[in-house]
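Biologist: I'm new to reading protein models. Could you take me through this one, a question at a time?

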Amino acid sequence: MHKLIFSSISLIYTAFFPMLWHKYRKVININKAHLGPEGSSVLDIGCGTGAFTYALQLEGYRASGTDISGPMMLMARKKKLNCVKGDILAGLPFEDNSFDTVTAAFVAHGMRKSLRRKFYSEAFRIAEKTVIIHDYQGRHAILPVLLIEILELLIGADYFGFRNNVMQELSEYSDDIQTLAVTESSGWYICKV
């Protein structure tokens with residue numbers, strides 16, 4: 001389901017690419033200490049058209065991306081990004097501890113709890129040092145929350161389940177979790193491996 005939806009909206013994501021990578025780059029620049037030193041290897045899971053991957057690359061990281069959507073991957077590759085098509089739920093084509101840091105921007109909230117567990121398990125398997133989940137955190141105005149929930153229900157996502165349970169879920173994979181607000185409505189869940 002997700003694959004079809006995101007494949008069909010790849011052109012929309014491409015239109016927002018410049019705005020997104022600018023925002024992500026600011027967040028990454030301010031919080032670089034959590035990603036490790038420049039030159040560290042970082043995998044961006046669910047990279048879509050590559051905005052977060054591109055921002056990581058601009059900030060000096062050896063960034064790679066992976067996504068299940070072929071059209072999204074095509075758009076990312078057109079930007080000369082190192083991207084591999086892969087399905088995190090089926091297992092990614094990487095060895096254990098392949099990357100210093102594994103990230104995922106606005107991916108986890110889009111999955112039901114059982115799928116998030118598979119996602120977390122795979123992310124922690126391929127990360128050597130840190131897993132950073134960039135997702136919803138903090139406060140939202142009522143109208144955007146209602147719109148988000150309606151959209152999330154249409155694609156079978158679990159926005160409120162994620163927000164209410166993320167810390168408990170991540171604690172099954174890491175004993176060292178730090179949360180960091182990076183915008184008014186989003187944050188980083190920084191998990192040491």
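Modeller: Helices (H or I, at least four residues) and strands (E, at least two) are DSSP runs, numbered from the N terminus. This is a predicted model, where local features need pLDDT of at least 70, side-chain atom pairs count only at pLDDT 80 or more, and totals for chains, interfaces and linings use all residues. Residues are numbered from 1 along each chain as its sequence is written, and side-chain values use heavy atoms, with hydrogens and water left out.

Biologist: Which residues of helix α3 are buried?

Modeller: Helix α3 spans residues 51–58. Just after α3, Gly60 has a positive phi of about 100°. As for the buried residues of α3, they are Ala51, Phe52, Thr53, Ala55 and Leu56.

Biologist: Which element has the lowest mean pLDDT?

Modeller: pLDDT is the predictor's confidence in each residue, from 0 to 100. For the protein chain the mean is 87, and 82% of residues reach 70 or more. Strand β1 (residues 41–45) has the highest mean among the elements, 98, while the lowest, 49, belongs to helix α1 (residues 2–8).

Biologist: Which residue's side-chain oxygen reaches the backbone nitrogen of Met72?

Modeller: Look at the start of α4, where that oxygen comes to within 3.2 Å of the nitrogen. At the other end, α4 is followed by Lys80, with a positive phi near 65°. The residue reaching Met72 is Ser69.

Biologist: Is Thr101 buried or exposed?

Modeller: Thr101 is in strand β4 (residues 99–105). Leaving aside neighbours within four places in sequence, Thr101 is in contact with Leu35, Ser41, Val42, Leu43, Thr130 and Ile132. Its relative accessible area is 2%, so Thr101 is buried.

Biologist: Which residues are joined with Glu59 into one salt-bridge network?

Modeller: A salt bridge is a side-chain nitrogen of Lys or Arg within 4 Å of a carboxyl oxygen of Asp or Glu. Glu59 forms one with Lys32, with the closest N and O atoms 3.2 Å apart, and another with Arg25, at 2.6 Å. The Glu59–Arg25 pair links distant parts of the chain, 34 residues apart. Salt bridges that share partners join Glu59 into one network with Arg25, Lys32 and Glu38.

Biologist: Which residue forms a salt bridge with Asp96?

Modeller: Asp96 lies in the loop between β3 (83–85) and β4, and the partner is in helix α5 (residues 113–126), 29 residues apart. The closest N and O atoms of the pair are 2.7 Å apart. The partner is partly exposed, with a relative accessible area of 24%, and its name is Arg125.

Conventions. A polar contact is a pair of N or O atoms within 3.5 Å; within protein, one must be able to donate a hydrogen and the other to accept it, and residues adjacent in sequence count only if both atoms are side-chain atoms. Buried means under 20% relative accessible area, exposed over 50%, partly exposed in between (1.4 Å probe, protein chains only). Contact means heavy atoms within 4.5 Å.
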